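Colleague: I would like a close look at a single part of this chain. Please start there, then connect it to the rest.

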Amino acid sequence: MFDINPFTSTTYKDGLVDNEYTDSLTTLCLTAFEQLPTQEEKAAVARWLFELSNCPADDDFYWSLVNRTIYSQIEPKLLAKTVFDFVLEKPDQYYFPKNSQIVNPFDELLEDRSFLYFYTSLLPKEAVIYLSEQEDKYIKAVLGGLIYAEPFSNLIEEIRNQIKNPENPPEVTVRLERMGKILLGLAPDDSRPFHTSLESFYKSFCIGEYHTNEVVNQEEVAMVAGLVKETGLEEGSIVDNACGMGRIANTLAKNGYSDIVGVDISPRNLHTAKEHDETGSIEYRQADWADTGLRPESARAFLLVGRSGHHARNSYEFQQISKEAYEVLKPGGIFVFDFADPDKGMYLENRRNFLRILASLNFPLEKLGTTPEEQLKEIDNVVDSPDGINFTNRWVPQIKDILLELKIAGFEDVQIIRKPIEGWKGAENLYFIAKKPL
Ligand SMILES: C[S@@+](CC[C@H](N)C(=O)[O-])C[C@H]1O[C@@H](n2cnc3c(N)ncnc32)[C@H](O)[C@@H]1O
């Protein structure tokens, strides 16, 4: 008789190792798993399944089955504990230099990292809280692994969310802040702040110069106005998405443009923007940049300037903004946005620095490329500090990534204008003008 309890049976393990029977035995094994009565037994079997991760059966199908079953069966906190315990119990194997090479903790856990990917995307809350309870050296090692599986910015965002979550007690918040600082390349007990929002980041240093530089404002507004004119569209709004304190929208209105809508997520910035709208004509609205609530085909221009796009977490978020632009624009309308050239000046320097942060987390840089230059090409996240005190992360995409997302959103006709950014160590700004087809 077949022993259907995967915890006691050796048949399953043999079956999983033998590819011929993998599918049916995995299914059977997981069905039995579902019938285990207690959470502890399920967790024990989950652990047993991790142990099998190096068997030839760990293909995508196997893992997607395992993942789905585990997620639907085990209470998240217990699953987090099971996963991290599994890794932490094997320090020699997973955490410490082996033959002078740092071994990534998750490399051997899962070859294709699909488990970790699903795990961190579905259960980030439990992952970050459980991880924050570990020693710093383990935190660093695991963070290195997590960054590989999941974009850095998602992880740091989840840490921010959990610090702001009032259900978490103060000691958890303190631990999470330490983790956040490690990710920003600081020592965990560094006294500089870990900002939980862009608002608090911007509030902490003087950005007065940034939005009162009238020459830059007028130049930029003149460029935008010229581009709007070139569309030949006489009707339709000009949407200033992520308008901040109204630098562009207010200047456009002052220069005689009407039907301007300013969108931003920050109530504080919107309040300041409204206060400085001398014409009183601008509609300011609080909304997410990828879900503005504006009518389809209602705008002749959709702006995302002031290098706001660097605050998108990753290319997917930028794709969502581009899709929103495409929907809100009239045919022939333009999506105008800017990013700093990732290979110039301060942004290049910040990307190099990010490689150093990854190295400090024991991230296996050799996986990114064999030379530092090859590795650098893979870096599109940076940690940036305007004053050496306040830090935030930013997305710094390559031009080809931006063009790809535009294409997915429907934009084919794209023009790029390059302008130096004064006083920023040779940095250059790239303005993209993407036209919605007629
Ligand atoms: C660098 S400022 C640029 C402001 C303005 N465009 C300018 O050029 O002065 C970035 C702005 O993006 C806004 N922002 C960030 N994330 C956002 C989101 N998800 N939805 C809408 N606005 C967002 C911030 O609140 C901030 O005002």
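Which residues of H18 are buried?

Modeller: Keep in mind that this is a predicted model. In H18, the buried residues are Tyr347, Leu348, Asn350, Phe354, Ile357 and Leu358. They all lie on the same side of H18, because the arc they cover around the axis is only 165°.

Now the helix itself. H18 runs over residues 345-360, which makes 16 residues. From first C-alpha to last, H18 reaches 23 Å. At 1.5 Å a residue, 22 Å is expected, and the span is close to that. After H18 comes Asn362. The phi of Asn362 is positive, near 65°.

Two other residues have a positive phi. Glu297 has a phi of about 50°, yet Glu297 is not a glycine. Its place is the loop between strand E3 (283-286) and strand E4 (299-304). Arg307 is not a glycine either, and its positive phi is about 55°. Arg307 sits in the loop between E4 and helix H17 (315-328). With 19 other C-beta atoms within 10 Å, Arg307 is partly exposed too.

The largest nonpolar core has 78 residues. Those touching the most other members are Val239, Ala301, Phe302, Leu303, Phe335 and Val336. Strand E5 (residues 329-340) supplies the largest share of this core, seven residues. Two domains contribute at least three residues each: domain 2 (125-196) and domain 3 (207-345 + 390-435).

Take Val336 from that core. Leave aside residues up to four places away in sequence. Val336 then touches Val224, Leu227, Ala301, Leu303, Val305, Tyr431 and Ile433. Ala301 and Leu303 are also among the core residues that touch the most other members.

There is a second, separate core of five residues. Among them are Phe33, Ala43, Ala46 and Ile74.

Finally, the whole chain. It has 438 residues, and 41% of them count as buried. Its elements are 20 helices and nine strands. For contacts with a separation of 6 or more, 71% join residues 24 or more positions apart.

Note on methods:
Residues are numbered from 1 along each chain as its sequence is written. This is a predicted model: local features need pLDDT of at least 70, side-chain atom pairs count only at pLDDT 80 or more; totals for chains, interfaces and linings use all residues. Helices (H or I, at least four residues) and strands (E, at least two) are DSSP runs, numbered from the N terminus. The expected span of a helix is 1.5 Å times one less than its number of residues. A residue is buried if 20 or more other C-beta atoms lie within 10 Å of its own, exposed if 12 or fewer, and partly exposed in between; C-beta atoms are placed from the backbone. The arc is that of the directions from the helix axis to the C-beta atoms. A nonpolar core is a set of buried Ala, Val, Leu, Ile, Met, Phe, Trp, Tyr and Cys residues joined through C-beta atoms within 7 Å. Domain bounds come from an automatic or database domain assignment. Two residues are in contact if their C-beta atoms, placed from the backbone, lie within 7 Å.
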